[in-house]
Amino acid sequence: MKNREQIIRYYQGGDNGELAARLIDLADNAAKGRPYAVSGFVSPGAVQIGETIESHAASLRLRTSGGYEGAERVRLAFVRRDYDGPVDFSITACRVTWDARYRLLGHRDVLGALMGLGVDRNRFGDILMREDGAVILAETSLLPYLQQSFTKIAMVSVAVEETALTEIAPQAEKIKEIKTTVASLRLDAVASSGFGLSRTKAAEAIKGERVQVNWQPVKSPSRDVKVGDMISLRGKGRMEIAAITGTSRKGRIGVLLKRYL
């Protein structure tokens with residue numbers, strides 16, 4: 001692919017150079033004759049990389065699917081523009097159920113149990129919590145293994161069965177609007193206000209590589225952010241800078257944040 005090294009260098013700045021290289025190799029597989037090539041499950045940041053690759057590959061178009069409308073983690077498909085057939089993303093909905101007395105099991109418990117089995121994170125996508133269990137979007141080939149080996153979560157017995165993708169309703173995200181003021185548009189200042197942390201704690205999280213801006217890792221607390229930026233903090237979720245609302249007489253900047261719950 002033309003501009004391969006240029007694309008990789010650009011994303012190396014956000015520690016995603018290796019991912020960009022893998023996705024370029026995937027696109028090359030389609031460009032060299034295959035009708036399409038599908039990636040594993042990736043984060044929203046990888047979609048941006050895929051879009052960059054698409055813009056440099058005239059013979060390919062990018063398609064995505066996470067198994068249902070509104071999925072956060074998706075699989076990318078680089079599809080030849082002269083191919084009009086279907087794209088098999090090979091995504092299966094795996095329904096996990098357990099005794100209703102253990103309702104306190106949460107997303108982190110399910111994710112931890114899967115990782116404890118040694119399942120690569122790129123083999124499954126979103127985990128949707130339900131009142132009586134969870135639904136895991138996964139590679140179709142992973143289902144038999146989960147049915148055989150995924151038997152416990154935090155010592156609670158579970159069962160896995162396939163369910164129809166069509167039964168998963170589109171996800172309507174809950175959003176909390178936060179109107180606040182900050183001394184500056186530095187990342188640590190905005191993250192502190194939006195996530196309810198002290199500025200010191202926010203800076204520590206950034207330096208500890210727990211914060212991403214627009215799905216790219218960030219290490220500098222002093223980085224400026226702007227309207228439209230998406231800020232995520234591991235364990236706290238994500239928020240968008242929706243608007244700058246003005247400046248107070250004391251020079252503080254008014255911001256409107258949308259916190260995704």
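Residues are numbered from 1 along each chain as its sequence is written, and side-chain values use heavy atoms, with hydrogens and water left out. Since the model is predicted, local features need pLDDT of at least 70 and side-chain atom pairs count only at pLDDT 80 or more, while totals for chains, interfaces and linings use all residues.

Starting with the big picture, the protein has seven helices and 14 strands (DSSP runs numbered from the N terminus: H or I of at least four residues for helices, E of at least two for strands). Its C-alpha trace spans about 60 × 55 × 30 Å along the principal axes. Of the 261 residues, 44% are buried (under 20% relative accessible area; exposed is over 50% and partly exposed lies in between, with a 1.4 Å probe and protein chains only). Among contacts with a separation of 6 or more, 59% join residues 24 or more positions apart (contact means heavy atoms within 4.5 Å).

Next come two helices that pack together. Two packed helices are described by the angle between their axes and the distance between the axes. For H2 (residues 17–31) and H3 (residues 44–55), the angle is about 50° and the axes are 10 Å apart (axes are lines fitted to C-alpha atoms, for helices over the stretch in contact, and angles run from 0 to 180 degrees between N-to-C directions). H2 and H3 are therefore oblique to each other (angles under 35 degrees count as roughly parallel, over 145 as roughly antiparallel, 65 to 115 as roughly perpendicular and the rest as oblique). On the H2 side, Leu19, Ala20, Leu23, Ile24 and Ala27 do the touching, and they meet Ala46, Ile49, Gly50 and Ile53 in H3. Sorted by class, this contact has eight nonpolar residues, one polar and no charged (Ala, Val, Leu, Ile, Met, Phe, Trp, Tyr, Cys and Pro are nonpolar; Asp, Glu, Lys and Arg are charged; the others, Gly among them, are polar).

Helix H4 (residues 107–116) has Val110, Ala113 and Leu114 as its buried residues. Seen down the axis of H4, these fall within an arc of 100°, so they line one face of the helix (the arc is that of the directions from the helix axis to the C-beta atoms). Their cover includes strands S4 (91–98), S5 (124–130), S6 (133–139) and S7 (152–153), along with helix H5 (143–149). Exposed Arg108 and Gly116 sit on the face of H4 turned away from its buried side. Aspartate 109 is also in H4, and it counts as partly exposed at 31% relative accessibility. Leaving aside residues up to four places away in sequence, aspartate 109 touches Leu104 and Ile153.
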